[in-house]
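Please set out the disulfides and the helical chain of this model in a short report. The sequence and structure come first, and the text follows.

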Amino acid sequence: MIDLNDVPDARKLPAARREADVRMLSALIRSEAAPGARRSTRRVAVLSVGTVAVLTVGGAAAARTLLPPSSAKVQDLGRCYSTISTNFGDDFPGTSISNAASRDQAAPAVPPNIVDDCAAAWRIGVLKLNDPHVGAQPSGDYPVPPLVACVLPSGEAAVFPGPATTCGDLGLPALKG
Amino acid sequence: MERAPADRELWRAAAEGDSDAFAVLYEQYVDRIYSYCFRRTASWATAQDLTSTVFLEAWRRRRAVTFGEDGSVVGWLFGVANNVVRGDQRSQRRHREALAKLPPPVAGPDLAEDTSSRLDSEAQMRRVLVALDRLSSSDREVLALSVWSGLTQPDIARALGVPVGTVKSRLARARQRLHALADSGVGGPGQPPRPEVLGLTQSQEGFR
């Protein structure tokens, strides 16, 4: 018998998860509601990440290829890298983000604000520079490095911490738009 | 209780950057969204990730949605949840991959203290979902929002982005199909299904 009322009782979201959610959402809202503070943080971050970027891919700069900007072919996923890397496989350093649609957006688009979405992940501490491990950090407003969006050979959009030349350094086209 | 005006005011404040207002909305609806996600997926752990995704997605879309005088925040929020669940099922393999890179769901006391109960409830829910697989996805969605989440028909209309009349016709169609399944033996050995079996309680049959 299909008894739609014979389903498990509703439960409360576990308290620890609830607190983690609220911390994450509050940090996200606060950071996006204070653009002045965010710009200041980003300027500080530019210096350190710029140095790292040169160290990491400086050797490849001579072989840089300039490809025309491209659109992402994968429509519902993007990647936020925690370091400049040529690891384009599934075990890449960073995190994937999905872009589920809301009611009035029938088809998920390629993350239209993928740089902003990745910046949010940096800001709440999910990503740490050059750290391949992804995870929750204590509540806080973490620095956001300069970010650049490229398109991987798989067609997925990927955001790397680094200067505007990063896509070319990696042999990738920049994300169009 | 009519919460819509208060919810709209909270949403307006939240969209302008008031994290306390967003937290109030979160507390107001998180458990209903969590239970809805569970009843669509039969997994408490998946439901935790989906619940987080729903509120992140709601925040991301804050500038794309406005609520008029009769606008329903709860309807819209369940619409986001419905799309998140639908997207999870559509691209399940890649979504699992993405989730694996995020902090794992919390196995807090609420879950750990009754592991067998949790597993039992997931198995029970899977059985119901398997039975409902015989319905179309639109029928399943309208039943889930009505029966399992207790939304009014206007709220369901907002959630699904269809007119209220369409909600009524979908509920009626779902009821007919469940009748047919019951008659064909899927729902039981020749017994007429009870109204609640069809997911339509007395108040819902009246199309509130």
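## Disulfides and burial

Cys150(A) has a relative accessibility of 0% and therefore counts as buried, where buried means under 20% relative accessible area, exposed over 50% and partly exposed in between, with a 1.4 Å probe and protein chains only. The model is predicted: local features need pLDDT of at least 70, side-chain atom pairs count only at pLDDT 80 or more, and totals for chains, interfaces and linings use all residues. Residues are numbered from 1 along each chain as its sequence is written, chains are lettered from A and ligands numbered from 1 in the order in which they are written, and side-chain values use heavy atoms, with hydrogens and water left out.

Cys150(A) forms a disulfide with Cys167(A), a disulfide being a pair of cysteine sulfur atoms within 2.5 Å. Cys150(A) lies in strand β3 (residues 147-151) of chain A and Cys167(A) in helix α4 (residues 166-169) of chain A, so this pair ties together parts that are 17 residues apart in sequence. Helices (H or I, at least four residues) and strands (E, at least two) are DSSP runs, numbered from the N terminus. Cys167(A) is buried as well, at a relative accessible area of 2%.

Over all chains, the structure holds 2 disulfides. The other bond is between Cys80(A) and Cys118(A). Cys80(A) sits in strand β1 (residues 77-81) of chain A and Cys118(A) in helix α3 of chain A, so the link ties together parts that are 38 residues apart in sequence. Both Cys80(A) and Cys118(A) are buried. In sequence order, the bonded cysteines of chain A pair 1-2, 3-4.

| Disulfide | S to S distance | Angle about the S-S bond | Hand |
|---|---|---|---|
| Cys80(A)–Cys118(A) | 2.0 Å | -80° | left-handed |
| Cys150(A)–Cys167(A) | 2.0 Å | -90° | left-handed |

Helix α3 (residues 114-123) of chain A is largely enclosed by the rest of the structure, because 7 of its 10 residues are buried. Among them are Ile114(A), Cys118(A), Trp122(A) and Arg123(A).

Chain B has 11 helices and 0 strands. Of its 208 residues, 52% are buried, and Cys37(B) is buried with a relative accessible area of 0%. Among contacts in chain B with a separation of 6 or more, 66% come from residues 24 or more positions apart; contact means heavy atoms within 4.5 Å.
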